[in-house]
Amino acid sequence: MEFIYPKANLIAGVDEVGRGPLVGAVVTAAVILDPNNPIEGLADSKKLTEKKREKLFDEIKEKALCWCIGRAEPNEIDELNILHATMLAMQRAVAGLSITPEFVLVDGNRCPKLSMPSQAVVKGDSLVQEISAASILAKVVRDREMVELDKVFPEYGFAKHKGYPTAYHLEKLAQFGATEFHRKSFAPVRRALDIK
């Protein structure tokens, strides 16, 4: 399936990583690519190897006209809920771009409120290069944060599962309780904290 681009020059792609994990921020990225400086091999970040993502991460930062990372922290996720926190993080990524896009393409089925026209693209990370680039930036940033968190709390295995609710993570959560970086509004964390 081919995606028909809107008639606009400066198009930003936006994607998020980390809606499902029980720990850490939800990380978003907004990217405006340079049509005169193409990047080979852009694809949905989940379909790329870690090594390939790392290589593309540096190339996107170098070649894109501009890019920005947006985020919403665990306390904001707990306060707003994950959907609203994700929308906020996307707004922050777009607002942080050094060039204002004429049009924004967002991965998924809903767009945050933005000051410019936008369109949600289901499976956008596979169909739209700008969204692929955003998905790679967001994923590498978040994965690196999980590796750092793993050094502080090695018993949870964050570097391996990246905070997702794997059997191992749930087991450790039950064993050690939640860290200050866990999302307290998520059911498995709530159970671990025994908040009634």
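Predicted model: local features only at pLDDT ≥ 70, side-chain atom pairs only at ≥ 80, totals over all residues.

Analyst: Residues are numbered from 1 along each chain as its sequence is written, and side-chain values use heavy atoms, without hydrogens and water.

User: What makes the 20 residues a nonpolar core?

Analyst: A nonpolar core is a set of buried Ala, Val, Leu, Ile, Met, Phe, Trp, Tyr and Cys residues joined through side-chain atoms within 4.5 Å. Buried means under 20% relative accessible area, with a 1.4 Å probe and protein chains only. The largest such core has 20 residues, including Val 31, Leu 33 and Ile 136. α5 (129-152) gives two or more residues to this core, as do β2 (26-32) and α1 (50-63). The most come from α5, with seven residues. Apart from this core lies another, of 15 residues, with Leu 22 and Phe 158 among them.

User: Why are β3 and β5 called edge strands?

Analyst: Strands are DSSP runs (E, at least two residues), numbered from the N terminus. Two strands pair if DSSP finds at least two bridges between them. β3 (66-72) and β5 (118-121) each pair on one side only, so they are edges. The open sheet runs β3-β2-β1-β4-β5, with mixed pairing.

User: How do you know that β4 pairs with β5?

Analyst: Four bridges join them. The definition asks for at least two, so they pair. The two strands run parallel. Leu 105 stands opposite Gln 119 in β5.

Definitions and conventions:
Buried < 20%, exposed > 50% of the residue type's maximum accessible area, 1.4 Å probe, protein only.
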